[in-house]
Amino acid sequence: MSDPFLREQLRKGLFDDPWHGPSIADLLLDVTAEEAAAHPVPGAHSIWELVLHMTAWQGEVRQRLLGKEPGLPDVGDWPDVGDPSDIAWERAREQLAASMNELLESLTTLSREDLERPGGSINDRLGVTHRAMINGLVQHAAYHGGQIALLRKALRAGR
C-alpha cells in the first residue's frame, strides 16, 4: 500500500480543508460558467483554463504512475476551453474531480517501493521519484488554487 499521507494531501487540496485555505472544490462551488471563462487579469489564465490544466496534469501523473514516459498530457498543457456553456463548465468541474479520484485510486495499488522508483519529472527534470512527482502535484494544485482565489476576488470586486 502506498503512502497514505500523499493520498491525503492530494485529496485535501481538492476536496477537503487544506491548511492553506479553501479547497479547490470549495473555490469552484459557486463560480458560474461566465465567471470561469472570464479573464479579469490581463495576460492571466481564466479559472476555466486553470481547471482544465489541473485536470490534464492529474491525468498525466496517473499515466506516469502506470508506466507512461514523462511528457506533456495527451490533451496538452493548456487545453482549449471550447464552448463556454453552463453544461461544459459543469463537465469541466466533474472531470477535475474524476481525474483526482482516478489518481487516488491508482495510488492505492502502489507499494512504497513503487513510490521511490524514478519515472517522473518536474519542470523538465527527468528521473525524479514518483513520490516527488506526486508531491509536486500537491504543490501544483496549491499554486493554481491560489490563482483561482485571486481571480474570484478580481471578478467579484465591487459587488
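Tutor: Helices α1 and α7 are roughly parallel to each other. The model here is a predicted one.

Student: By what are two packed helices described?

Tutor: Two packed helices are described by the angle between their axes and by the distance between those axes. Here helix α1 covers residues 4-15 and helix α7 covers residues 130-156. They pack at an angle of about 20°, and their axes are 9 Å apart. Angles under 35 degrees count as roughly parallel, so α1 and α7 are given that description.

Student: Is the crossing of α1 and α7 left-handed or right-handed?

Tutor: The crossing of α1 and α7 is left-handed.

Student: Which residues in α1 and α7 meet?

Tutor: From α1 come Leu6, Gln9 and Leu10. In α7, they meet Arg131, Ile134, Asn135, Leu137 and Val138. By class, the residues of this contact are 5 nonpolar, 2 polar and 1 charged.

Student: Now for pockets. What shows where empty space is left?

Tutor: A probe the size of a water molecule is rolled over the atoms, and this shows where empty space is left. In this structure, the second largest pocket holds about 280 Å³ of space.

Student: How many residues line the second largest pocket, and which lie nearest its centre?

Tutor: The lining has 14 residues, and Thr55, Ala56, Gly59, Glu60 and Val75 are the ones nearest the centre. Two elements, α4 (47-65) and α5 (86-108), each give two or more residues to this lining. The largest share, 7 residues, is from α4.

Student: How does the lining of the second largest pocket divide by class?

Tutor: The lining has 5 nonpolar, 5 polar and 4 charged residues.

Notes
Residues numbered from 1 in each chain as written. Predicted model: local features only at pLDDT ≥ 70, side-chain atom pairs only at ≥ 80, totals over all residues. Heavy atoms only, no water. Axes fitted to C-alpha atoms, helices over the stretch in contact; angles between N-to-C directions. Helix = DSSP H or I, 4+ residues; strand = E, 2+ residues; numbered from the N terminus. Parallel < 35°, antiparallel > 145°, perpendicular 65-115°, else oblique. Left-handed = near helix turned anticlockwise from the far one by under 90°. Contact = heavy atoms within 4.5 Å. Nonpolar A, V, L, I, M, F, W, Y, C, P; charged D, E, K, R; others polar. 1 Å grid on protein atoms, 1.4 Å probe; cavity = no way out; pocket = protein on both sides within 12 Å on 5 of 7 lines; lining within 4 Å. Points joined across faces, edges and corners; volume = space filled by probe spheres on them.
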